[in-house]
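Here's a quick tour of one chain, going from the overall layout down to a few individual residues. Have the model open as you read.

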Amino acid sequence: MLDAAAESGTRAMVATPHSDLRYQFDASLCRGILGELQGRRTDGPRLYLGCELHLTPENVSNIIRDPAGYTLNGSDCALLELPDRIAPPMVNPALDAMTCAGLRVIIAHPERNLYLQQQRSWLDRLVESGCYLQLTARSLDGASAPRHQRRPRTSCNAVWPTSSRATLTAPPPACRVWQAPLPP
Ligand SMILES: [Fe+2]
């Protein structure tokens, strides 16, 4: 993946291992592995550490207590994966708590979430309330779907490519666009 990214001109990548009920995120272990990878391809993209937090009470309290330990490269951006079985009244307080703690919440791959696929209006409300959306690139052409269902899966108007390589010119007004600044 690193070789392919280097060859396609990618300048920076953020590795975001999951923190969920199965995997415990260990920042220092991951940082060491990332350093090894960077050493193997010093001319490749710069590598940064982040974490993809599943929405659990422990993860929410951890990131509020120690934001730099769980955000993308120690920034104010929190990558959050929502469970497939969502009850908005249960999710909203967690999102509010993170936002009040000064975090910018990025919802991870909402296009793959079974609830959000059916409840686009709630997705729009999340964006209106200040959340950002991260899409898996292959979802844009449907390639990540089962073979017999391959077609574009993302038509929500709250989504817009943020890649600097995107050829689209201007986002519709309702979109939130986040261009990640490259650290020095
Ligand atoms: Fe995920």
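## The big picture

Among contacts between residues at least 6 apart in sequence, 66% join residues at least 24 apart in this chain. Keep in mind that this is a predicted model. The chain has six helices and seven strands, and from the N terminus on they run α-β-β-α-β-β-α-β-α-β-α-α-β. Of its 184 residues, 22% count as buried.

In soluble globular proteins, nonpolar side chains tend to be buried together. Here, the largest nonpolar core has 25 residues, and those with the most contacts inside it are Ala78, Leu79, Leu80, Val105, Ile106 and Ile107. At least two core residues each come from H3, E5, helix H4 (88–100), strand E6 (104–108), helix H6 (120–128) and strand E7 (132–134). E6 gives the largest share, with four residues.

Take Ile106 as a way in. Setting aside neighbours within four places in sequence, Ile106 is in contact with Cys77, Ala78, Leu79, Leu80, Tyr132 and Gln134.

Which residues of H3 are buried? They're Asn59, Val60 and Ile63. Looking down the axis of H3, these buried residues fall within an arc of 100°, so they line one face of the helix.

As for partners, the buried residues of H3 pack against strand E2 (18–19), strand E4 (52–54), E5 and H4.

Ala97 is found in helix H4. Not counting residues up to four places away in sequence, Ala97 touches Val60 and Ile64. Ala97 and Val60 are 37 residues apart in sequence, yet their C-alpha atoms are 8.2 Å apart in space.

Buried or partly exposed: how does Ala97 come out? A residue needs 20 or more other C-beta atoms within 10 Å to be buried. Ala97 counts as partly exposed because it has 14 C-beta neighbours inside 10 Å.

## Ser75, out in a loop

Ser75 is found in the loop between helix H3 (57–65) and strand E5 (77–81). With 17 other C-beta atoms within 10 Å, Ser75 is partly exposed too.

Note on methods. Residues numbered from 1 in each chain as written. Predicted model: local features only at pLDDT ≥ 70, side-chain atom pairs only at ≥ 80, totals over all residues. Buried ≥ 20, exposed ≤ 12 C-beta atoms within 10 Å, placed from the backbone. Core = buried A, V, L, I, M, F, W, Y, C linked by C-beta atoms within 7 Å. Contact = placed C-beta atoms within 7 Å. Arc of directions from axis to C-beta.
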